[in-house]
Amino acid sequence: AYAPCAEKPVHVFILSGQSNMAGMKPTTGFVPETKKLFADAEVIYFKVARGGQPIRLWVEEWNQIAEKHDLKARINATSYYKPILEQFAKLTKDHPKITSVTFCWMQGERDAKEQLSAAYTDAMKQLIANLRRDLKQPEMNFVIGRLSDCSTDKSWESVRSSQVNVANSDPRGSWVDCDDLNDKG
């Protein structure tokens with residue numbers, strides 16, 4: 001009897017964040033590495049990133065989070081969350097059976113520089129929860145690129161700690177040490 005070929009597994013990566021993610025060229029590092037890791041699968045990625053942007057522009061609930069932490073920074077609208085949902089929806093039309101989704105996040109400098117680190121953990125957890133809910137991917141993985149060690153400012157160190165703690169507190173989370181990606185020599 002004839003057995004149809006099984007479809008290749010499809011792994012989706014969402015690349016998001018600020019300047020380091022915006023400037024990253026996926027074809028030079030990301031794509032070759034994912035081809036090695038997922039040799040018998042199809043890997044699809046898209047990027048929604050913009051330099052110099054705070055996490056609040058991805059998190060609709062930011063104003064409530066800021067209020068909880070007595071921070072004055074407010075937003076009127078999120079700019080970068082909806083494009084993730086739109087690109088994912090387009091992708092699922094061509095690939096309705098997705099094997100896994102991984103959210104790759106490289107962001108935090110702006111929040112550290114604006115002294116908004118007190119709210120970073122809550123904002124990061126909210127962003128992940130929102131994506132899992134809105135993408136209908138409750139088992140979405142995530143990888144956070146931890147801020148490099150180029151600053152010893154208290155707020156900078158706090159964001160770094162938040163990034164590690166959020167990743168370590170979630171069984172589907174991970175973080176990457178980016179300390180070698182700075183100009184400290």
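Predicted model: local features only at pLDDT ≥ 70, side-chain atom pairs only at ≥ 80, totals over all residues.
The axes of helices α4 and α6 come within 11 Å of each other and cross at roughly 30 degrees. An axis here is a line fitted to C-alpha atoms, for helices over the stretch in contact, and angles run from 0 to 180 degrees between N-to-C directions. The two helices are therefore roughly parallel to each other; angles under 35 degrees count as roughly parallel, over 145 as roughly antiparallel, 65 to 115 as roughly perpendicular and the rest as oblique. On the α4 side, the contact is made by Tyr 81, Ile 84 and Leu 85, and on the α6 side by Leu 127, Asn 130, Leu 131 and Asp 134. Contact means heavy atoms within 4.5 Å. These residues divide into five nonpolar, one polar and one charged; Ala, Val, Leu, Ile, Met, Phe, Trp, Tyr, Cys and Pro count as nonpolar, Asp, Glu, Lys and Arg as charged, and the others, Gly among them, as polar.

Residues are numbered from 1 along each chain as its sequence is written, and side-chain values use heavy atoms, leaving out hydrogens and water.

Helix α6 (residues 120–134) also meets helix α7 (residues 154–168), where the axes come within 9 Å and cross at roughly 40 degrees. This crossing of α6 and α7 is right-handed. Tyr 120, Thr 121, Met 124, Lys 125 and Ile 128 of α6 touch Val 159, Ser 162, Gln 163 and Val 166 of α7. Five nonpolar, three polar and one charged residue make up the contact of α6 with α7.

Next comes the sheet. Five strands form an open sheet in the order β2-β1-β3-β4-β5, with parallel pairing. Because β2 (42–49) and β5 (173–177) stand at the edges with a single partner strand each, one side of each is left without a neighbour in the sheet. Neighbouring strands of this sheet are turned by 20 degrees against each other on average, direction ignored. Helices (H or I, at least four residues) and strands (E, at least two) are DSSP runs numbered from the N terminus, and two strands pair if DSSP finds at least two bridges between them. Helix α4 (residues 81–94) lies across β1 (10–17), β2 and β3 (100–106), running at about 155 degrees to β2.

Strand β3 is joined to β1 by seven bridges and to β4 by four. Cys 104 of β3 stands opposite Leu 15, and its bridge partner in β4 is Val 143. Seven of the seven residues of β3 are buried, that is, under 20% relative accessible area, where exposed means over 50% and partly exposed lies in between (1.4 Å probe, protein chains only). In a regular strand the side chains alternate between the two faces of the sheet. In β3, Ser 100, Thr 102, Cys 104 and Met 106 are buried on one side, and Val 101, Phe 103 and Trp 105 on the other.

Strand β4 (residues 141–146) is joined to β5 by five bridges, and Gly 145 has Val 176 as its bridge partner in β5. Ile 144, found in β4, is buried, with a relative accessible area of 0%. Leaving aside neighbours within four places in sequence, Ile 144 is in contact with Trp 105, Met 124, Gln 163, Val 166, Ala 167, Ser 174, Trp 175 and Val 176.

Definitions and conventions: Left-handed = near helix turned anticlockwise from the far one by under 90°.
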